Every structure is written in C-alpha cells, then in structure tokens.
Amino acid sequence: MTIKVGDEAPDFNFTHKNGSPASLKSLRQQKAVVLYFYPKDETPGCTAQACSFRDAYEDFVQVGAEVIGVSSDETSSHESFATRHRLPFTLISDADGSLRKSYGVPRSFMGLLPGRVTYVIDRQGIVQHVFNSQLQATKHITEAMNVLKRLSAT
C-alpha cells in the first residue's frame, strides 16, 4: 500500500531527539509534520538533504512544522550523524523497515536502495504532499516548504 495525497498518515511511535517518547498523532496535533525517508546516514545525497533541512529548519518552525527523518540506520548511527552535522530535528531508526513499509516507500535503482520520499502531513493527519526523488535530494526541502506556506496561508 502506497500512501498518497489525501490519505491519513499511518501513526507510529518514536523517541524525540531529546529522549522523550512521542507519536506522530501527538506531534501533529500541535504542528504539521514533514516526514522524510532517506537511504543512509553519511552518504553524499543523504548528507546534502539532511543539511538542507537543517539550514531551513527555522523556516519550517516558523510555518508551524516539525521535520523528522527516517532511515534503516541504527540509533547510534543517527546520533553520530546528527551530532556531526548539527541536525536540530529527530532522526528515527527503522531498522526492520516496518515504518517504510507502512508508508509504501518504494525501493529505487532496481530495488537496491531504499527510496527517498518526503510526506507533508497536516495537523489533522492528512497527507498534503508526497515528493519522491532519489536524485534531487535537496529539492525535498523546497517542495515541502512550498506546500507548508500554501497551507499556512489558508
């Protein structure tokens, strides 16, 4: 099952960067969520994408959104990646692939790499935008911000 625009975003539990437990449902009741799936910590495209989200993070906060990154890397890898690149947002370890599967994130490059897909989820839990591009890693930030600005204007 692939999640598309207009679908309700599947809920999930996670641990915030600060160590507190949370769920998508509890977070989205406070703000919109930009949920981005990426292949692997410390790879060139994924690092560029994460750093672009970092550089625009305050803009996301100003339009009432939180950014969450997801990959299959272990929590320790995420901690190192976030520290090294000063990432202010939460990274979730999806080691068993269950979160990726619940969103229907496809694999790319003949099934060799986990996909790179970004979802913009509104406060009601509805997916407002899906952007799927393995090669245009930094365009995920622009796409998400454009949607959030449109949503905040209504």
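Which residue forms a salt bridge with lysine 4? In this predicted model, local features require pLDDT of at least 70 and side-chain atom pairs count only at pLDDT 80 or more, whereas totals for chains, interfaces and linings use all residues. Residues are numbered from 1 along each chain as its sequence is written, and side-chain values use heavy atoms, with hydrogens and water left out.

The partner of lysine 4 is aspartate 7, with the closest N and O atoms 3.6 Å apart. A salt bridge denotes a side-chain nitrogen of Lys or Arg within 4 Å of a carboxyl oxygen of Asp or Glu, and six are counted by this rule. Lysine 4 is exposed at 52% relative accessibility (buried, under 20% relative accessible area; exposed, over 50%; partly exposed, in between; 1.4 Å probe, protein chains only). A further salt bridge joins glutamate 42 to arginine 84, at 3.4 Å between the closest N and O atoms. Glutamate 42 is located in the loop between β3 (32-37) and α2 (44-55) and arginine 84 in helix α4 (residues 75-84), so the pair ties together parts 42 residues apart in sequence. Helices (H or I, at least four residues) and strands (E, at least two) are DSSP runs numbered from the N terminus. Glutamate 42 is partly exposed, at 34% relative accessibility, while arginine 84 is exposed, at 59%.

Five strands form an open sheet of mixed pairing in the order β5-β4-β3-β8-β9, where pairing requires at least two DSSP bridges between two strands. β3 pairs with strand β4 (residues 65-71) in the parallel sense over six bridges.
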